Amino acid sequence: MVSSQDEPLFLHDDDEVTPAEYSKGFWKILIVDDDQEIHAVTKMALADVIISGRQLEFFHAYSGSEALDRLTEHDDIAMVLLDVVMETDDAGLKVAQAIREQLGNDEIRIVLRTGQPGYAPEESVVKNYDINDYKTKTELTRSRLLTTVFSAVRSYQQLCTINENRRGLRKIIHSASNLMEKHSIVNFSEGVVTQIASLLGLSAEGIVGARAPHKDNDILVLGAAGHFANSINKSLSTLNSDEIEKNVRKCLNEQRHIHTDTATVFFIDGQAHQAAAYIETKNAVAEYDQELLEVFLANIAVGFENANLFEELRTAAYLDPLTGIPNRAEFTRCLQVLSEKPDKDKMIAVIDIDHFSDVNDGLGQDVGNLLLRAVALRLTDQLGDKVFVSRISADVFGVYGPANIVTPNAFSELFALPFRAGEHYIPLRVTCGFASAANPESVNGKGLLKQVYIALKNAKNNSFDRYNYYEPSMEQDTQRRLHLVRRLRADFANRKLQVWYQPQVELKTKKVVGVEALLRWPQSDGSFISPAEFIPLAEYSGLIVEIGSWVIEEACRQINAFDEIGLPQLRVAVNVSVPQFRKRDFPELVEKQIEQWGIDPTRIELEITESIVMEDPDLVADILRRLKQQGIQVAIDDFGVGFSSLSYLQKLPLDRIKIDKTFVNNSDEKSGKIIIETIVDMARRLGLKVLAEGIEEQSQLDYFLGLECTEGQGFFFAKPMPADQLICLLQKQMSYS
């Protein structure tokens, strides 16, 4: 569980570090980002961090090439916080590739960051260039950033140690690494005997003994090899060898190696626990071998200390510590096994708890943790032993089992009753994705997991029932969307997008009094991708903010161009998206463009939708007042389509209401007329102007003229057109007047 509050986690990781130890140096951190503010914020968040007695030293780069220069100058940088999108969309990925391939640096830890939520690095890059972590910048709150840096620096420290040992003592490291594969104290201890004998060129004949717990005088044989093999887990006295027992005890008591004519006993100092490795050898250990063995014993001392934890750690790696059920790693591993033996009678599912963050925010993280335990318990109890249940992320559970058990109905019944979390009884709704384990496309375990997640996302977006089964077409649609997002990003960067203008006319005179700026995305074959398709993609990818700012700039530039050739002083209406409006400096950005192009602010009209208003009415009202103070006009677009309160019309400083074309299309029906006439009358009473959208027929024009509606827009007057065609239209209008 992640706390909803971003509290500081720590200032340093070791309370026993004294100020005198700070002299060890610094951990060098390279921040690579083309945004100066990201550098400042990151440095501020990490200013007081101390890891293993060392403070952090920051280096800065603002492009991919500059990053490689810093890395060439400093070969001891511990980690790089690397922006993905800088001078190019994949600048950060190229830096990651260069670090591993050109610089040959396999120790530095790489953490990719991006401000583009919809942009993710290619899987091959993460896999091939050892990316330590990948986060969007919005995910990296201070506590998460601290955790990420702490983990990365620790990993770098360990890699440096391993590589240093590998370079100097490859044989020693090979021996120790073999021991690390042993998952029990018995196997580990037996491995110690085998590896020491191997290093000395001897056959493996010996034991590893240690004092038995709570029995100071008894020595227990932890591991053995050769003709001692049957003595494992027995008392040293069962060997019936006074010589062996005497020397092992002497080694442990005096905490040093003991050499005799027939054997050598090596002392293994595990700090909290000590052991003695008795190896039969009639030859004295050479000085060179002693040096190698000292390094080897120093390495395995840590392993000996933790050997009895290996199995527990391995189990913990595949268990969720909060709920006690398998975690994502174990779920993926099991799916891999399942993918190798497809089974049409098995079903895979993911269960996502809807709005779970509300529980943490409203009742606290402790209650949230209790709730997750309650969900895990009910899933495992009611689904039975034939169903595998795991927790694969904060509020998502993974399930697979018989297809007749893992069903939407079963989950619906399971979540029908509230869950008890402490004193609270909390009802939950879930959204589920399903995929068959028949695996017709021969995907691996990760592929199966991806399929159920695709089904889950589709259920969230499109399913009234809150569940969906995976279909290949879903993945094809997802791939197409990602492909379009990449193309949109590239075409926008290459200035291929266009702004067209649709005239807005005064109904009585049919004179053009304004235009609406409309975004167009042309293709190489002369066709256009519909805004209804690419605008949502721009919003999904976060690109809509940059595109929206460019449209405002283009509108201001075009007004300036109209004025220079003496055209009528039209207003230009620009649509504003929700993400744009969320930026508190939005009014300043608009004002900057108006000043840059030297135009009259009243010539710009910003069109907002009801969805923007309803997100935060007070904030919206404040921003609109700031815009109005500049002289900018404001219109409500698609009025009446949303399910919103009319009370905001009294609060907001508006100039115009645009009647949506769906109402205009129904203007020949009684119900449609009632709605339209109500809107027009209400606007007139509030002192607002009215513009009817989508007028396509003479009858519609006559109807709105009868209502004394002042302005209209639609194909009856003109379709959207490029700026040069609009100029010709306006020049003709001037010649007729």
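Visitor: How many bridges are there between strand 13 and strand 14?
Guide: Five, and strand 13 (residues 388-393) runs antiparallel to strand 14. Strands here are DSSP runs of E with at least two residues, helices are runs of H or I with at least four, and both are numbered from the N terminus. Two strands count as paired if DSSP finds at least two bridges between them.

Visitor: What joins strand 13 to strand 14?
Guide: A hairpin, through two residues. Ser393 has Val396 in strand 14 as its bridge partner.

Visitor: Before I go on, what kind of model is this?
Guide: It's a predicted model, where local features need pLDDT of at least 70 and side-chain atom pairs count only at pLDDT 80 or more, while totals for chains, interfaces and linings use all residues. Residues are numbered from 1 along each chain as its sequence is written, and side-chain values use heavy atoms, with hydrogens and water left out.

Visitor: Back to strand 14, then. Which residue there is the bridge partner of Lys346?
Guide: Pro402. Strand 12 (residues 346-353) pairs with strand 14 over seven bridges, in the antiparallel sense.

Visitor: And is strand 14 largely enclosed or open?
Guide: Seven of the seven residues in strand 14 (residues 396-402) are buried, so the rest of the structure largely encloses it. Buried means under 20% relative accessible area, exposed is over 50%, and partly exposed is in between (1.4 Å probe, protein chains only).

Visitor: What about the whole chain, how much is buried?
Guide: Buried residues are 47% of the 737 in the protein chain. The secondary structure comes to 27 helices and 27 strands.

Visitor: New topic. What's the strand order in the six-stranded open sheet?
Guide: The order is 2-3-1-4-5-6, with mixed pairing. Strand 2 (50-51) and strand 6 (131-136) are at the edges with a single partner strand each, so one side of each has no neighbour in the sheet.

Visitor: Which way do strand 1 and strand 4 run?
Guide: Parallel: strand 1 (residues 26-32) and strand 4 (residues 77-83) are joined by five bridges. Leu30 sits opposite Val80 in strand 4.

Visitor: Which strands does helix 2 touch?
Guide: Helix 2 (residues 64-73) packs on the sheet and touches strand 1, strand 3 (54-61) and strand 4. Its direction makes about 140° with that of strand 3. Contact means heavy atoms within 4.5 Å. For the angles, axes are lines fitted to C-alpha atoms, for helices over the stretch in contact, and values run from 0 to 180 degrees between N-to-C directions.

Visitor: OK, helices. At what angle do helix 16 and helix 17 cross?
Guide: Roughly 85°, with the axes of helix 16 (residues 472-493) and helix 17 (residues 531-541) coming within 10 Å. They're therefore roughly perpendicular to each other, a label for angles of 65 to 115 degrees; under 35 is roughly parallel, over 145 roughly antiparallel, and the rest oblique.

Visitor: Which residues meet there?
Guide: Helix 16 brings residues including Arg480, Leu484 and Leu488, and helix 17 brings residues including Glu533, Phe534 and Leu537.

Visitor: Last one: is Thr264 buried or exposed?
Guide: Thr264 is buried, at 2% relative accessible area, and lies in strand 10 (residues 263-270). Its side chain makes a polar contact of 3.5 Å with that of His259. A polar contact is a pair of N or O atoms within 3.5 Å; within protein, one must be able to donate a hydrogen and the other to accept it, and residues adjacent in sequence count only if both atoms are side-chain atoms.
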